[in-house]
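Let's walk through a protein chain together, going from single residues to the whole fold. Please keep the picture open beside you as you read.

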Amino acid sequence: MTTTPTDIEFDRQIGALTAAGYPAMTGLSDADFAAALEPLRARVLANPECAADHGEDHIPFVLVVARTALGASIDAHAAMSRTALGTQQGFADLEPAELAAFRPIESVEIPDGIGYVLLDIDTGSEYLNVTPETALASLTAKGRTGLTVEEGIALIAVRPDMLRKNKCFSLLSSRCGDKRVPALWISKRRPKLGWCWNGNPHTWLGSASTGGRLP
């Protein structure tokens, strides 16, 4: 069987998630964790978008682990602490219970199971200095959705290079019932998960989005 570049990237992402501690967070051994995600390989290989590359803001696919083996939500606070830029460890500027209150918005359906494939991801530099509220309306009109907290963390776990100075991004598809929008940016060379107001623009903060999710 021929090994494709997409196969290689799939295996690399499994390795990155394993190194970031996702097997322990799901309650699985490293081998069982890889086996649980293996069925997604066929979905990735069958989707032409997963082999595409459209520029510096674009990632063809990302493996997202959203639940434990028992079906509970992944601890986003713990997952964020396992991200890194080089040797600089990531952190959340929210207490664990506060962060857990951010849930996917009603218009976004998260596939069942431990993991799924996030397709056609764009980190959203075109939305720099655009309010999250305006960015969400624009993306919705394009048939795209913002990322959830878990998806944003998974993205920088497997592609930390996509969190770039002055090109960081909001996570529009997780909300907690108020005007706050979670976002990922760089603080003192460390990945930081914080929040910004829905109506406030920032020159260094865009809005990441996805073209779809594969169960």
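Ile74 sits in the loop between strand β1 and helix α5 (76-81). Helices (H or I, at least four residues) and strands (E, at least two) are DSSP runs, numbered from the N terminus. The model you are looking at is predicted, so local features need pLDDT of at least 70 and side-chain atom pairs count only at pLDDT 80 or more, while totals for chains, interfaces and linings use all residues. Residues are numbered from 1 along each chain as its sequence is written, and side-chain values use heavy atoms, with hydrogens and water left out.

Is Ile74 buried or exposed? With a relative accessible area of 5%, Ile74 is buried. Here buried means under 20% relative accessible area, exposed means over 50%, and partly exposed is in between (1.4 Å probe, protein chains only). Not counting residues up to four places away in sequence, Ile74 touches Tyr22, Met25, Thr26, Val65, Ala66, Arg67, Thr68 and Ala79; a contact means heavy atoms within 4.5 Å. The C-alpha atoms of Ile74 and Glu150 are separated by 7.8 Å, although these two residues are 76 apart along the chain.

As background, an α-helix has 3.6 residues a turn, so residues three or four places apart point the same way.

Leu155 also turns up among the neighbours of Ile59. You will find Ile59 in strand β1 (residues 58-65), and it is buried, with a relative accessible area of 1%. Leaving aside residues up to four places away in sequence, Ile59 touches Asp120, Ile121, Thr123, Leu155, Arg159 and Met162. Its C-alpha atom is separated by 8.0 Å from that of Leu119, which is 60 residues away along the chain.

One of those neighbours, Asp120, deserves a look of its own. Asp120 belongs to strand β6 (residues 115-122) and counts as buried at 17% relative accessibility. Its phi is near 50°, a positive value in a residue other than glycine. Lys188 also has a positive phi, near 55°, and is likewise a residue other than glycine. Where is Lys188 found? Lys188 is in the loop between β10 and β11, and at 76% relative accessibility it counts as exposed. Another exposed residue is Pro48, with a relative accessible area of 68%. Pro48 is placed in the loop between α4 (40-46) and β1.

Now turn to the aromatic rings. A pair of aromatic rings is described by the distance of the centres and the angle of the planes. Rings of Phe, Tyr and Trp (its six-membered ring) pair if their centres lie within 6.5 Å; planes under 30 degrees apart count as stacked, over 60 as edge-to-face and the rest as tilted. By this rule there are 2 aromatic pairs. Trp185 lies in strand β10 (residues 180-187) and Trp204 in the loop between β11 (190-197) and β12 (205-207), so the pair ties together parts that are 19 residues apart in sequence. Trp185 is buried at 13% relative accessibility, whereas Trp204 is partly exposed at 26%. Trp195 and Trp197 also form an edge-to-face pair, with 4.7 Å centre to centre and 75° between the planes. Trp195 is partly exposed at 29% relative accessibility, and Trp197 is partly exposed at 41%.

Finally, step back to the whole chain. Its secondary structure comes to 8 helices and 14 strands. The radius of gyration is 16 Å, close to the 17 Å that the globule rule gives for 215 residues, so the chain is as compact as a globular protein of that length. That radius is taken over C-alpha atoms, and the globule rule is 2.2 Å times the number of residues to the power 0.38. Buried residues make up 51% of the 215 residues. Among contacts between residues at least 6 apart in sequence, 73% join residues at least 24 apart.
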